Amino acid sequence: MGWLPDPVERLLDVALVGELTVIGRGGRPVTHPLIPLYHEGKIYLHSSTLFSKKLEHIKRDPRVSLSLSDPVATKGNLDRATIQGTARLIEDDPHSDWERLILGLWRQKEPMIDDFLKVRVALPLFFERAVIEITPERCLYWADGLTDRAPAETLAPRAEAA
Amino acid sequence: MATRTAPMRSGSVAAHAPTAADLERLATYPHLLVSWVDDDGYPVSVATSFETDATAGTVRLAAPAGMAIPTDREVGLLGSHIHPTTGGYDERRYLQLWGRFDGDETFAPARAWGWDEAETPFFEYSERSVPQSRRYLEQLSKEKGRTIRPRLSPFWLVLRTTRLPFLTATAVPVLLGIVVAATDGAFTWWTALLTLIGGSFAHLAINVTNDIFDTLSGADDANTTPTQFSGGSRVAVYDLVSIRGLTWVALGLFGAAAAIGLLLVAVTGSLLLVGIGVAGILVGVAYTAPPLKLVYRGLGEIAVAIGFGPIMLLGAYVVQTGALAWEPLVLSMVPGALIALILFVNEIPDRRSDAEAGKRTLPTRFSPDVIRTGYLVVALAAFAVIAGGVVGGLMPWPTLIALAAVPLALRVHAGLKVHYDSPYTLMAVMGANVNLNLVVGGLLLAGYLVTIVGMALIQ
């Protein structure tokens, strides 16, 4: 189980899209809308090799943040959160690692993915994918999405102790 | 708030200097995310309210409470949109701006990049990104010390590499050649079967060969709007199979076709068959291969008409009868024309990349009106050949049933008017055009089979 506040875990469970910010060349923040998956305290995102610049950025600097902020993507949940953490890439076998690790979670959020998988032959590179595993370290939470108020901040237990 | 936005091209298009249109577009997003890299080295991203000023080229941001947007480094803004659907989401679009925040609520963008799937369909966006996938996998291979390539299951890889479904284009003329021979009293089932198999091997070999040369010429790389009917197999573009691998596949298929062809020559003793077989292979290979490169010289459609018309149909006829005749020659014009029309329509979405690669296909050389009219003329000419063949006494009258497919040809022609400029909606038209050849071929076969049965009953 994770240490993230319950409302944030709920956001992670329902969000169809979150915004991953990575550190690009020259220290520029680069943000990518992605489908976030959450399992046992870790956040999982995934990226096709087609759209893999973000993966290259993460290799250079694994520090990332994930924002859950769009109520349309969170099924009307107005809460907002930003989670900072360190990303690890799982890319030993881009053809099938992701199926083993996160397809079940992905399918729960986006059942339509099975229809795409049936026609994998049509777009084979889309299904060559790396998994981005984020270990959360700091969480900022805005109840009701009111960012004109200071967020509630929570640190990962180890980070808090340090 | 702006209600009109200028078209934005994206995909792997490089980031650009922001325009007033970008800011007008940003204003249409319901919320905005501001991001920066904090002093501790971690990125921060926070939703905030905003107003755009397209004239001034700036965005006014409400700084999130308790957080200071830095003024000494680049800041990013992201507007994004999805529309949840049952089981997923669509209407994906986003726009990202980078620039500086002045500490007084004003953000001045210096770079912009985005994607709107309504303007750049997902498939096109993906195709534009293929070079990025190749770069990534090459780098990953270096990091891991082993080759990491994309994969497909063997079944799908064979199907995709050989473009197996296009074999219907071989089946129609070969079967017609066989039934015409049968009406002349000549039919041996196992040579008929070998003809069909040998012709199929030759067709698949030519498909693979064409992919090799289209990849080497850059034509397939330049094509960012392939469809299931156009743009080649793309197995080499995707690095699913190497050019060397494709060469071995092509040689294997050619070898199998040649072996069957030689067996048929030995059985029939027909030197005509040698000539037809060699001509077929030469036309098929020369379609894209140097030095002739027929498709690059504006002769691709004619080459296909000859290959899938007289060569296939007469070849099948000669295997059974050992001789040439007028009836199969005239009849061969029908599948020849209709299969050339399959190529012709499938070339429409490829016309820009074909032009870039120097392929002078008809859609690269003529206006849409000329192409559409050309389609109608050739399709109707094919039906005129059927009618003329019957009236002239060359073909049996039951083959007139094939004229029932005229409305399908008209439907394809009408579809070309509507979907000419949209590769993905044109797919349905391309599919209907493929069906036209199958339906006409099937009806002609039915007409000949009725004739054969009638002859048997009379005797």
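The model is predicted, so to speak of local features takes pLDDT of at least 70, and side-chain atom pairs count only at pLDDT 80 or more, while totals for chains, interfaces and linings use all residues. Residues are numbered from 1 along each chain as its sequence is written, with chains lettered from A and ligands numbered from 1 in the order in which they are written.

Let's begin with chain B. An automatic or database domain assignment divides chain B into domain 1 (20-120) and domain 2 (154-458), and their C-alpha centres are 52 Å apart. Along the principal axes, the C-alpha atoms of chain B fill a box of roughly 100 × 50 × 40 Å. The radius of gyration of chain B, taken over C-alpha atoms, is 29 Å, whereas a compact globule of 459 residues would have one near 23 Å (the rule is 2.2 Å times the number of residues to the power 0.38).

Strands pair if DSSP finds at least two bridges between them. Strand β1 (residues 18-23) of chain A pairs with β5(A) in the antiparallel sense over three bridges, and E19(A) stands opposite S67(A). Strand β6 (residues 80-90) of chain A also runs antiparallel to β5(A), joined by six bridges, with L66(A) opposite I83(A).

Definitions and conventions. Helices (H or I, at least four residues) and strands (E, at least two) are DSSP runs, numbered from the N terminus.
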